[in-house]
Amino acid sequence: MRVDLSALDEVIRKLWTLLDDMDKAGQTSRYNTEIPMDAFGNSCLFKEAGDLHAAHGTMKADLEGAIKSLHGLIDKFGTSTSKVKDKYSEQEYANKNQMGGNTGGSNGSFAK
């Protein structure tokens with residue numbers, strides 16, 4: 001059986017890119033989505049201003065939590081994929097050495 005290590009490399013690269021994008025989204029949701037209370041009017045005298053501001057804060061926190069969870073999931077999957085690829089690479093190297101390496105010779109343990 002043979003595993004396409006270049007395909008695993010591609011998956012890992014895409015996951016790291018996605019992780020970087022999630023970092024940017026997390027920064028945006030944390031720092032660039034804040035609406036100050038006075039944005040609803042200088043005096044904020046209308047009844048729903050406080051409720052609207054509180055709802056915005058709740059939604060902002062929910063969004064940050066979702067992004068953090070996705071970030072953790074992508075990081076875990078990327079790390080696991082990288083470990084699997086490394087194990088396949090090590091096994092492929094060991095198999096080549098057992099079979100005589102790339103020299104075409106028969107000096108491996110199976111040749112004895």
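Of the 112 residues of the chain, 17% count as buried, meaning a relative accessible area under 20% with a 1.4 Å probe and protein chains only. The model is predicted, so local features need pLDDT of at least 70 and side-chain atom pairs count only at pLDDT 80 or more, while totals for chains, interfaces and linings use all residues. Residues are numbered from 1 along each chain as its sequence is written, and side-chain values use heavy atoms, with hydrogens and water left out.

The chain has two helices and zero strands. Both terms refer to DSSP runs, numbered from the N terminus: helices are H or I with at least four residues, strands E with at least two. The accessible surface comes to about 8,400 Å² by the Shrake-Rupley method with a 1.4 Å probe. Carbon and sulfur atoms hold 58% of this surface.

The largest nonpolar core has five residues: Leu15, Leu19, Met22, Ile67 and Ile74. Such a core is a set of buried Ala, Val, Leu, Ile, Met, Phe, Trp, Tyr and Cys residues joined through side-chain atoms within 4.5 Å. Helix H1 (5–31) and helix H2 (49–98) each supply at least two of its residues. H1 gives the most, with three.

Leu19 touches His71, Ile74 and Asp75, not counting residues up to four places away in sequence. Asp20 lies in helix H1. Asp20 is partly exposed, because its relative accessible area is 37%, between the limits of 20% and 50%. Asp20 and His71 are 51 residues apart in sequence and 9.1 Å apart in space, C-alpha to C-alpha.

How values were computed
Contact means heavy atoms within 4.5 Å.
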